[in-house]
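Grab your viewer and work through these exercises one at a time. Each task comes with a solution in steps.

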Amino acid sequence: MSEKILGVPYKTKHFDLPNRFVMAPLTRQRAAAGHVPHSLNALYYAQRASAGLIITEASQISPRGLGYQNTPGIYSKEQIEGWKLVTEAVHDRKGKIFCQLWHVGRHSHPLLQEDGGLPFGPSEIVETVPITTPNGKMAPVVPHAMTINEINETIEDYVRAAQNAIEAGFDGVEIHGANGYLIDQFLNDTSNVRDDEYGGSIPNKCRFAIKVTSAVVEAIGSARVGIRLSPSGTNFGVLNNDPVGTFKFLIEKLDAFDLAYIHLIEPVLKSITDLPQYLRKVTPYFRPMIKTTLITSAGYDFNSAEQAIKTDEADLVAFGKMFISNPDLVERYLTDAELTPFDVETFYGGGASGYTDYPFLK
Ligand SMILES: Cc1cc2nc3c(=O)[nH]c(=O)nc-3n(C[C@H](O)[C@H](O)[C@H](O)COP(=O)(O)O)c2cc1C
């Protein structure tokens with residue numbers, strides 16, 4: 001039993017966690033009207049509170065940041081009150097929980113926008129996949145290229161959202177900088193062709209991510225801020241001519257903030273790794289540049305997660321789909337119990353079914 005390193009507590013100046021399991025952020029589209037979290041969401045997270053750290057599903061920082069139906073927000077009074085149910089339920093069970101701050105950028109549609117306006121993006125370049133709207137799947141639209149004023153206002157939205165998260169009782173926030181959403185759209189060449197200080201060179205493409213992080217750190221303190229990145233990610237058609245150079249520059253800058261953690265996503269889709277400029281494995285490559293806690297994620301099972309920590313590739317491992325169907329994943333791991341398989345049909349939307357009704361060992 002003692003050789004199971006995932007079950008060993010993790011203590012640093014920023015963290016005191018009972019184990020090295022992180023529940024990865026998982027969009028489940030089960031918020032109530034007004035994008036407000038409610039008691040069912042509180043139950044779901046409380047069931048998973050034995051994870052060393054929970055990162056919530058992505059939560060939009062503003063109505064403009066919305067890209068899916070029924071995802072929770074973190075910008076209104078009602079949403080803050082709703083999230084309090086979640087944080088209190090998790091803390092009652094001695095869990096720790098960070099809120100993932102999200103702006104989808106161009107991955108939206110006028111039918112999802114409160115004012116019926118165009119989604120925002122770094123440049124007027126259309127998305128690559130259809131967008132699911134209240135009227136069904138729709139062809140993506142050319143986004144509105146953000147002005148400098150709108151960029152500054154959006155940074156302010158991140159700051160307010162982070163302050164709201166603290167007011168709601170979260171232990172911290174994770175800035176969602178991954179998976180082809182707004183921050184990642186600034187980082188990549190097929191979504192950002194700006195010719196001002198937010199586009200062109202690597203420092204310019206990284207400027208938005210760094211400014212958001214800096215502003216959020218200033219507002220709530222670096223110990224309560226993490227960031228998630230997908231250095232070899234090409235979700236929704238974001239491609240990079242120099243992903244290694246871009247993310248090396250960015251990660252070195254981000255690490256200088258002494259954040260709570262940097263969270264990396266491994267490229268698990270085959271199509272990504274066929275492109276020659278992308279790293280097949282990102283965590284070991286970036287590890288030497290990261291002095292703070294490094295969370296790795298995507299595609300891990302217990303064996304590969306153990307290996308990643310034992311070889312010091314990462315400090316913590318985030319599990320996604322396994323946490324959906326195994327609320328007591330940590331206990332199952334420690335007792336070598338069988339895992340319940342997940343049902344993809346109930347990942348997004350609906351009620352308790354496939355959400356809070358997965359069985360516990362006891
Ligand atoms: C249903 C579902 C929802 C997801 N939602 C988010 C999200 O809100 N934010 C995010 O950063 N990643 C999201 N992801 C990606 C996961 O956090 C994770 O990286 C992915 O599932 C791979 O890890 P796994 O192999 O352990 O499942 C989602 C994945 C799934 C399956």
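**Exercise 1.** Work out why N70 counts as partly exposed, then find its place in the chain.

Solution. Start by counting: N70 has 15 C-beta neighbours inside 10 Å, so it counts as partly exposed. The cut-offs, with C-beta atoms placed from the backbone, are 20 or more other C-beta atoms within 10 Å for buried, 12 or fewer for exposed, and partly exposed in between. Finally, check the backbone: phi of N70 is near 60°, a positive value in a residue other than glycine.

Two ground rules before you go on. Residue numbers start from 1 along each chain as its sequence is written. The model is predicted, so local features need pLDDT of at least 70 and side-chain atom pairs count only at pLDDT 80 or more, while totals for chains, interfaces and linings use all residues.

**Exercise 2.** Is D312 buried or exposed, and where does it sit?

Solution. Run the count again: D312 has 10 other C-beta atoms within 10 Å, so it is exposed. It belongs to the loop between α9 (302–310) and β14 (316–319). Its phi is positive too, about 65°, although D312 is not a glycine.

**Exercise 3.** Find out which residues N192 touches, leaving out those up to four places away in sequence.

Solution. First place N192 in the loop between α4 (182–187) and α5. It counts as buried because it has 23 C-beta neighbours inside 10 Å. Now list the contacts (C-beta atoms within 7 Å, placed from the backbone): P122, S123, Q185, F186, G199 and K205. For a distance check, take E124, 68 residues apart from N192 along the chain: the two C-alpha atoms are separated by 8.4 Å.

**Exercise 4.** Compare the span of α2 with the expected one, then say what its buried residues pack against.

Solution. Helix α2 (residues 77–92) has 16 residues. Now pick out the buried residues, among them W83, L85 and V86. The buried set packs against α1 (39–47), β4, β5 (97–102) and α3. After the helix comes K94, with a positive phi near 65°.

**Exercise 5.** Describe how α5 packs with α3 and with α6.

Solution. Two numbers describe a packed pair of helices: the angle between their axes and the distance between the axes. Axes are lines fitted to C-alpha atoms over the stretch in contact, with angles from 0 to 180 degrees between N-to-C directions.

- α3 (residues 148–167) with α5 (residues 202–220): the axes come within 9 Å and cross at roughly 35°. The contact includes I151, I155 and Y158 of α3, and F208, K211 and V212 of α5. Its residues divide into twelve nonpolar, one polar and one charged. (Nonpolar means Ala, Val, Leu, Ile, Met, Phe, Trp, Tyr, Cys and Pro; charged means Asp, Glu, Lys and Arg; the others, Gly among them, are polar.)
- α5 with α6 (residues 243–255): the axes come within 10 Å and cross at roughly 35°. Here I202, P203 and K205 are among the α5 residues that meet α6, whose side includes G245, T246 and F249. The classes are eight nonpolar, three polar and two charged.

How values were computed: Helices (H or I, at least four residues) and strands (E, at least two) are DSSP runs, numbered from the N terminus. Two residues are in contact if their C-beta atoms, placed from the backbone, lie within 7 Å. The expected span of a helix is 1.5 Å times one less than its number of residues.
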